[in-house]
Amino acid sequence: GAVVLPGVGNFGSCMRALRATGLVGAVQNAVDSQRPFLGICVGMQMLFDASDESPGVPGLGVISGKVTWLPDDVKRPQMQWNRLQLSADDPCLGAAHSESWMYFVHSLHAEPTDVTVVVATVDYGGDVVAAVRQGAALAVQFHPEKSSPDGLVMLQRWVDTLATAT
């Protein structure tokens, strides 16, 4: 089956809750076994090694890198619609260089060690990672469920990929 890891709130609180429920291994196994996976907002951030929001609280380490505060010269949180800039074709997000408007609410952003996992960015005082993909795992900083038609299209495409998953 597929796995969805949503997340709203504080990185440390979400990681503690994930560990308390014993689901850390299930998330890691889902990604490692190439099961369809979707991480949303803090659900994306938890895939990384650590977050400046909660020093000393380890992330899942599925994607190498760290989550850091948005720059001081932009309003935090980014709470707005922003246009995705796709850097690679993605079965859920669309063709490279296509554009969709998605809704963001976040104060931190992912900085992956391997930039080839980045499939979309947005311009918010510079390039900010909006989506990463590692195998069958797609993780997005935005909220597709709050992103009207573009978000619903993305979610439908993700559901459609489940039919072809082995």
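1. On the basis of the model: it is predicted, so local features need pLDDT of at least 70 and side-chain atom pairs count only at pLDDT 80 or more, while totals for chains, interfaces and linings use all residues. Residues are numbered from 1 along each chain as its sequence is written, and side-chain values use heavy atoms, with hydrogens and water left out.

2. Q134 is found in strand 10; helices (H or I, at least four residues) and strands (E, at least two) are DSSP runs, numbered from the N terminus. At 30% relative accessibility, Q134 counts as partly exposed. Here buried means under 20% relative accessible area, exposed means over 50%, and partly exposed is in between (1.4 Å probe, protein chains only). Q134 and V62 are 72 residues apart in sequence, yet their C-alpha atoms are 9.0 Å apart in space. Leaving out residues up to four places away in sequence, Q134 touches V31, V62, I63 and V117, where contact means heavy atoms within 4.5 Å.

3. Q134 stands opposite A137 in strand 11. The hairpin of these two strands has 2 residues between the strands, and in it G135 takes a positive phi near 65 degrees.

4. Strand 11 also pairs with strand 2 (residues 37-40): the two run parallel and are joined by 4 bridges. The bridge partner of I40 is V140 in strand 11. Within strand 11 (residues 137-140), A137 and A139 point one way and L138 and V140 the other, and all are buried. In a regular strand the side chains alternate between the two faces of the sheet.

5. A separate point concerns an open sheet of 3 strands, which has the order 3-4-8 and mixed pairing. Strand 3 (50-51) and strand 8 (108-112) stand at the edges with a single partner strand each, so one side of each is left without a neighbour in the sheet. Strand 3 and strand 4 (residues 65-69) run parallel and are joined by 2 bridges, with A50 opposite K66 in strand 4.

6. F48 is found in the loop between helix 3 (42-45) and strand 3. F48 is buried, with a relative accessible area of 0%. Not counting residues up to four places away in sequence, F48 touches G59, L60, G61, I63, S64, G65, K66, V67, A110, E111, P112 and V132. The C-alpha atoms of F48 and P58, 10 residues apart along the chain, are separated by 8.5 Å.

7. The largest nonpolar core has 52 residues, and those with the most contacts inside it are L60, L84 and L93. Such a core is a set of buried Ala, Val, Leu, Ile, Met, Phe, Trp, Tyr and Cys residues joined through side-chain atoms within 4.5 Å. Its largest share, 5 residues, comes from strand 10. Leaving aside neighbours within four places in sequence, the contacts of L84 include L93, M102, F104, V122, A130 and F142.

8. In helix 2 (residues 24-32), V24, V27, A30 and V31 are buried. Seen down the axis of helix 2, its buried residues fall within an arc of 135 degrees, so they line one face of the helix; the arc is that of the directions from the helix axis to the C-beta atoms. These buried residues pack against strand 1 (3-5), helix 1 (11-20), strand 2, strand 10 and strand 11. On the other side of helix 2, N29 and D32 are exposed. Just after helix 2, Q34 takes a positive phi of about 65 degrees.

9. Some backbone angles deserve a check. Most residues other than glycine have a negative phi, and most peptide bonds are trans. C41, in the loop between strand 2 and helix 3, has a positive phi near 60 degrees and is buried, with a relative accessible area of 5%. H97, in the loop between strand 6 (85-86) and strand 7 (101-106), has a positive phi of about 70 degrees and is exposed, with a relative accessible area of 67%. A cis peptide bond joins R76 and P77, with omega about 5 degrees; P77 lies in the loop between strand 4 and strand 5 (78-83).

How values were computed
Two strands pair if DSSP finds at least two bridges between them.
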